[in-house]
Amino acid sequence: MATMHERPFDLLNKALGQQVLIRLKNGDDIRGKIMSFDVHMNLVIEGAEELDEGGGVKAKLGTILLRGGNILFVSPV
Amino acid sequence: MATMHERPFDLLNKALGQQVLIRLKNGDDIRGKIMSFDVHMNLVIEGAEELDEGGGVKAKLGTILLRGGNILFVSPV
Amino acid sequence: MATMHERPFDLLNKALGQQVLIRLKNGDDIRGKIMSFDVHMNLVIEGAEELDEGGGVKAKLGTILLRGGNILFVSPV
Amino acid sequence: MATMHERPFDLLNKALGQQVLIRLKNGDDIRGKIMSFDVHMNLVIEGAEELDEGGGVKAKLGTILLRGGNILFVSPV
Amino acid sequence: MATMHERPFDLLNKALGQQVLIRLKNGDDIRGKIMSFDVHMNLVIEGAEELDEGGGVKAKLGTILLRGGNILFVSPV
Amino acid sequence: MATMHERPFDLLNKALGQQVLIRLKNGDDIRGKIMSFDVHMNLVIEGAEELDEGGGVKAKLGTILLRGGNILFVSPV
Amino acid sequence: MATMHERPFDLLNKALGQQVLIRLKNGDDIRGKIMSFDVHMNLVIEGAEELDEGGGVKAKLGTILLRGGNILFVSPV
């Protein structure tokens, strides 16, 4: 059911500890568990995987600190 | 009838819970229900769909937090 | 007759409710009625139309909230 | 004779009401009468003309509000 | 085991003195020991190596001060 | 002899009224007399000349107000 | 031996008066003696040389004020 979020970043807060898909500005997709975030949308992603066009795993990145400025969108999966 | 909005972001406020089309700087179009926004134009979009050139659904994205800096325009549909 | 404007944004204030042409950084032209603006040059445009190179209507966009950062110039028409 | 300007923006102040050539970051040239400016180098240009490579008039733009961030340089003509 | 970090930059703090992999926005990879960082994600990397596509060492860079704005992600290795 | 400057902008201050070469981010070179500058590195250049690859004069620009954000480096000549 | 720097900019402070290699965002390399820096990483480089791909001197630039925003990394040599 649709719930009206109060602030966009509430989505990140609710997603903590869960899998998210991150679409980057350069078109790449990264998937992993979101462990923390800050006001710049910098994210720590655990078990991060770089995906290929078909959604398969292209590379395992481990734990990464991703700069928010590179993000197009974040989506809980 | 044309109503003089007081502030551009009033358009987002009125559109909460409704379908919008978002044209990105990279030319892509995303459609979905706007659930929240902030002063950076970061948006939470529910039932987000990536559209192809003809307006058909290219991919279902679910709920996304879209960074405002990637947006060209937002339009209620 | 040439009138010395006090501030560039006075042009937007005078144009409220009137047709403007907006040239975007990506080269696209959008035309419509300007309904509101803010200090970032974010604009609400009513009856927005995307124009082709010859000035004809390529697509009707309806009411849009255009992010100011994408704008090259705005011109009353 | 060379006069030491105190601040770069003094050049704009002195040029008010006069013709200037504006070279944009995208390489385009615009010429017209500068009517106002602000701290972001946003300019209102009256009788603005887009010039072609040879300096001829490619298009008449009328009065425009040009976003400062697009400017490479401004030169009184 | 997954530990919930309080702030994304805690990852950098924990990684001080250890090897990290840095993916740049331009696609290049740099590996080395992180010695310091600041709020802009500027990093001092000791024994920095530029990697080729296969992960081999393309060039030895020594100690570098890397501007944070160029970073896509940082990952402890 | 090498003198330790206290602040990078001291170089601009010392160069006032003298010829400088300016390399732009887009690769173009401009040469002329620096008349003023501000904290954004906006410069007024008198007798500005656009140079071709070989260092010859490609175009005479007169007096220009150059936006600092376009600059790669400035060098006294 | 590895020393834990307290702040990334300490590296610039220690390098004052010494040769550094600067890798620019556009891929170019500049080498010279660092004479001053500020919080934006703007640098004055004395005896600056533009290097070719093989590390040879492509052009002598003299003393330059380099805008920090163009820098990828700085490395003492």
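The model is predicted, so local features need pLDDT of at least 70 and side-chain atom pairs count only at pLDDT 80 or more, while totals for chains, interfaces and linings use all residues. Residues are numbered from 1 along each chain as its sequence is written, chains are lettered from A and ligands numbered from 1 in the order in which they are written, and side-chain values use heavy atoms, with hydrogens and water left out.

Chain E is in contact with chain G through 21 of its own residues and 23 residues of chain G, where contact means heavy atoms within 4.5 Å. The size of an interface is often given as the accessible area lost when the parts come together. Between chain E and chain G the buried area is about 1,800 Å², and carbon and sulfur atoms give 63% of that area; buried area is the accessible area (1.4 Å probe) that two parts lose on being put together, summed over both. Of the area that chain E buries against chain G, 38% comes from Met35(E), Leu65(E) and Arg67(E), more than from any other three residues.

Polar pairs also occur across this interface. Seven residue pairs, both residues at pLDDT 80 or more, are in polar contact between chain E and chain G. A polar contact is a pair of N or O atoms within 3.5 Å; within protein, one must be able to donate a hydrogen and the other to accept it, and residues adjacent in sequence count only if both atoms are side-chain atoms. The side of chain E that touches chain G draws at least two residues from each of strand 2 (29-37), strand 3 (43-51) and strand 4 (57-66) of chain E. Strand 4 of chain E gives the most to this side, with five residues. Helices (H or I, at least four residues) and strands (E, at least two) are DSSP runs, numbered from the N terminus. By residue class, the side of chain E that touches chain G has 10 nonpolar, six polar and five charged residues. Here Ala, Val, Leu, Ile, Met, Phe, Trp, Tyr, Cys and Pro count as nonpolar, Asp, Glu, Lys and Arg as charged, and the others, Gly among them, as polar.

The rule finds one salt bridge across the interface of chain E and chain G, a salt bridge being a side-chain nitrogen of Lys or Arg within 4 Å of a carboxyl oxygen of Asp or Glu. Arg23(G) and Glu50(E) meet in a salt bridge, with an N to O distance of 3.6 Å. Strand 4 of chain E also pairs with strand 5 (residues 71-76) of chain G, antiparallel and over two bridges; two strands pair if DSSP finds at least two bridges between them. In this pairing Leu65(E) stands opposite Val74(G).

Chain A is another partner of chain E. Here 23 residues of chain E are in contact with 21 residues of chain A, and the two chains bury about 1,800 Å² between them, 63% of it on carbon and sulfur atoms. Arg23(E) and Glu50(A) form a salt bridge (3.6 Å, N to O). Helix 1 (10-15) and strand 5 (71-76) of chain E each supply at least two residues of the side that touches chain A, and strand 5 gives the most, with six residues. Strand 5 of chain E runs antiparallel to strand 4 (residues 57-66) of chain A, joined by two bridges, and Val74(E) is the bridge partner of Leu65(A). In contrast, no contact joins chain E and chain F, whose closest C-alpha atoms lie 16 Å apart.

Over all chains the structure holds 35 salt bridges. Side chains of opposite charge can pair when their charged atoms come close. Within chain B, Glu49(B) and Arg31(B) form such a bridge (3.2 Å, N to O), linking strand 3 (residues 43-51) to strand 2 (residues 29-37) across 18 residues of sequence. Glu49(B) is buried at 15% relative accessible area, whereas Arg31(B) is partly exposed at 25%; buried means under 20% relative accessible area, exposed over 50%, and partly exposed in between (1.4 Å probe, protein chains only).

Within chain G, Lys60(G) and Glu49(G) meet in a salt bridge (3.1 Å, N to O). Lys60(G) is exposed, at 67% relative accessible area, and Glu49(G) is buried, at 17%.
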